[in-house]
Amino acid sequence: MAHSPQIRIPATYMRGGTSKGVFFRLTDLPEAAQVPGAARDALLLRVIGSPDPYEKQIDGMGGATSSTSKSVIVSRSSRPDHDVDYLFGQVSIDKPFVDWSGNCGNLSAAVGPFAITSGLVDPGRVPQDGVAVVRIWQANIGKTIIAHVPISNGVVQETGDFELDGVTFPAAEVPLEFLDPAADGRGAGGSMFPTGNLVDELEVPGIGILKATMINAGIPTIFINAADIGYSGTELQGDINSDPQALARLEAIRAYGALRMGLIGNIDEAAARQHTPKVAFVAAPADYVASSGKPVA
């Protein structure tokens, strides 16, 4: 009986912020996957466990949520004043698709520690004790990120007392600097306010006209008023994810926002750009109970 060939690829499963992903050194990937294209996408899809019609990713490293279906490729940088290049891929759970259109701010916090531990940073830049400054080129968006990585006894300090909402246990803090994150005007979605307006009227068929602020800085995002789409701003994840009609409305807003921002040329292209833009809804401060059960006042 013929079997598919087996290969071994060094990889690291890491959390950064409120996301998790599988990290690779570029040079550890099979030769065909060291360049963009179908071979790379196919490899990452199989590692994460996609596409999965059950949407569980049991046979892969993904966690069956958009926050845990992610991949990262890191390499030594040839750019002046940079230590490493960082490429992020958002892996679809139920479709054979990897979205390379944007960065993951959460996993950016793990790139510096991974780069140091993997030997991609010049040892002379890593102190015995203190903070290592890792200069990262974010290849998806063409921007620089500076990571401040705590070091103890010559290795990355992982434990600590920094707490982050959405993460159960405390850990070491890795402060990040996003240098000049606004889009630079070249290509789709250029400039911080790609429409040229601070507030736009965004027309979405089937929903109406919404006041929206569209920003392209770090990751393209559409900000709308919670009340305009029937929310209070205190909703939890389950309130939205369990509502198919709400998800469809938000996807329509996302698609027409992407078109208005110049990120896509026609509305049909939104399906091939699932990672960006994001949609955020904003409301006045209010008391609520967080997912953890903690009251917030």
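This briefing covers salt bridges, a charged surface patch and the contacts of one serine. The model is predicted. The salt-bridge count comes to nine. Four acidic residues, Asp161, Glu163, Asp165 and Glu173, gather in a surface patch of negative charge. Ser50 is buried, at 8% relative accessibility.

- Glu251 forms a salt bridge with Arg254, and the closest N and O atoms are 2.9 Å apart.
- Both residues belong to helix α4, which spans residues 244-261.
- They are three residues apart there, so about one helical turn separates them.
- Glu251 counts as partly exposed because its relative accessibility is 36%.
- Arg254 has 8% relative accessibility, so Arg254 counts as buried.

**Salt bridge between Arg46 and Asp59**

- The side chains of Arg46 and Asp59 pair up in a salt bridge, at 2.9 Å from N to O.
- This pair links distant parts of the chain, with the two residues 13 residues apart.
- Arg46 sits in helix α1, while Asp59 sits in the loop between α1 and β3.
- Arg46 has a relative accessible area of 48%, so Arg46 is partly exposed.
- Asp59 is exposed because its relative accessible area is 55%, and the cut-off for exposed is over 50%.

**Salt bridge between Arg25 and Asp28**

- A salt bridge joins the side chains of Arg25 and Asp28, with an N to O distance of 2.9 Å.
- Arg25 counts as partly exposed, since its relative accessibility is 29%.

**Negative surface patch**

- The patch of negative charge on the surface consists of Asp161, Glu163, Asp165 and Glu173.
- Glu163 lies in the loop between β8 (155-156) and β9 (176-179).
- With 63% relative accessibility, Glu163 counts as exposed.

- Ser50 is located in the loop between α1 (38-48) and β3 (70-76).
- Its relative accessibility is 8%, under the 20% limit, so Ser50 counts as buried.
- The Ser50 side chain makes a polar contact with the side chain of Gln57, at 2.9 Å.
- A polar atom of the Ser50 side chain also lies 3.3 Å from the backbone oxygen of Ile93.

Notes:
Residues are numbered from 1 along each chain as its sequence is written. This is a predicted model: local features need pLDDT of at least 70, side-chain atom pairs count only at pLDDT 80 or more; totals for chains, interfaces and linings use all residues. Side-chain values use heavy atoms; hydrogens and water are left out. Patches are made of residues with over 30% relative accessible area and no salt bridge: like charges are joined within 9 Å, nonpolar side chains (Val, Leu, Ile, Met, Phe, Trp, Tyr) within 5 Å. Accessible areas come from the Shrake-Rupley method with a 1.4 Å probe; for residues, only the protein chains shown count as cover. Lys and Arg count as positive and Asp and Glu as negative; His and the chain ends are not counted. The place of a charge is taken as NZ of Lys, CZ of Arg, CG of Asp or CD of Glu. Helices (H or I, at least four residues) and strands (E, at least two) are DSSP runs, numbered from the N terminus. Buried means under 20% relative accessible area, exposed over 50%, partly exposed in between (1.4 Å probe, protein chains only). A polar contact is a pair of N or O atoms within 3.5 Å; within protein, one must be able to donate a hydrogen and the other to accept it, and residues adjacent in sequence count only if both atoms are side-chain atoms.
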